[in-house]
Amino acid sequence: MSIWWSLHLRREAASVPLARRLLLGTMETAGVDPDICYDLAVALSEACANAVEHGGDATEDYRVTAFIDGDTCRIEVTDSGPGFRHCPAPPAPPHTAADRALPPAPVPTPAQAPAFAEDGRGLFLIEALTDHVRYRNRTGRPGAVVSFDKILKWREGAALPMAS
């Protein structure tokens, strides 16, 4: 047995807890371990918050799709914003010997977001709380897709694995 659902949500802050509550209710009813439920709820909240903040103009919505199939949960958040930008262009070649002695500045990645940063921790948290994350731009139209998977653990007597 598997569970699948998809939501089209307005790009407003109130949509984030709605998506989180639906995911938590589904996983708790299916019998997923509470720690796994919490990790996925936080990751989903961060992905939704990013879609609300960066996902296009205020009239557009975003989509959350969740699949629980066997021992894996996959969540996908799709928006209509500008998508993921490519890494910045490489810096100009150094002009002096002193410039050449300096190491190149690292390109920030989600895993390098500083703890004190106001922005940039959402992708870091998604990566830290899930097992596999994919970032891509939508094909053929503007927008970004963040999808992540987590291997599920089940409570004793859980409904979903017993029905498989």
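**Salt bridges, nonpolar core and helix packing**

Asp39 has a relative accessibility of 18% and therefore counts as buried; this class covers residues under 20% relative accessible area, while exposed denotes values over 50% and partly exposed those in between (1.4 Å probe, protein chains only). The model is a predicted one, in which local features require pLDDT of at least 70 and side-chain atom pairs are counted only at pLDDT 80 or more, whereas totals for chains, interfaces and linings use all residues. Residues are numbered from 1 along each chain as its sequence is written, and side-chain values use heavy atoms, with hydrogens and water left out.

Salt bridges were assigned where a side-chain nitrogen of Lys or Arg lies within 4 Å of a carboxyl oxygen of Asp or Glu. In one of them, Asp39 is paired with Lys150, with 3.5 Å between the closest N and O atoms. The pair connects distant parts of the chain, as Asp39 belongs to helix α2 (residues 34–54) and Lys150 to strand β5 (residues 144–151), 111 residues apart.

Asp149 takes part in a salt bridge with Arg74, the N to O distance being 2.7 Å. Because Arg74 is located in strand β3 (residues 72–78) and Asp149 in strand β5, this pair ties together parts that are 75 residues apart in sequence. Arg74 is partly exposed at 35% relative accessible area, whereas Asp149 is buried at 11%. A salt bridge is also formed between Asp149 and Arg134 (3.3 Å, N to O). With Arg134 in strand β4 (residues 132–137) and Asp149 in strand β5, the pair ties together parts 15 residues apart in sequence. The relative accessibility of Arg134 is 25%, which means that this residue counts as partly exposed. Through shared partners, salt bridges join Arg74, Arg134 and Asp149 into one network.

In soluble globular proteins, nonpolar side chains tend to be buried together. A nonpolar core is taken as a set of buried Ala, Val, Leu, Ile, Met, Phe, Trp, Tyr and Cys residues joined through side-chain atoms within 4.5 Å. The largest such core comprises 30 residues, and Leu40, Leu44, Tyr62, Val64, Ile75 and Phe148 have the most contacts inside it. At least two residues of this core are supplied by each of β1 (2–10), α1 (15–30), α2, β2 (61–69), β3 and β5. Helix α2 provides the largest share, nine residues. Contact is defined by heavy atoms within 4.5 Å. When neighbours within four places in sequence are left aside, the contacts of Leu40 include Leu23, Met27, Ile75, Phe148 and Lys150.

Helix α4 (residues 121–129) contains the buried residues Gly122, Ile126 and Leu129. Viewed down the axis of α4, the buried residues fall within an arc of 80° and so line one face of the helix; the arc is that of the directions from the helix axis to the C-beta atoms. The buried residues of α4 are covered by elements including α2, β4 and β5.

Asp61 is situated in strand β2 and is partly exposed, with a relative accessible area of 36%. Apart from neighbours within four places in sequence, Asp61 contacts His8, Leu9, Arg10, Arg11 and Ser80. The C-alpha atoms of Asp61 and Ala51 are 8.8 Å apart in space, the two residues being 10 residues apart in sequence.

Notes: Helix = DSSP H or I, 4+ residues; strand = E, 2+ residues; numbered from the N terminus.
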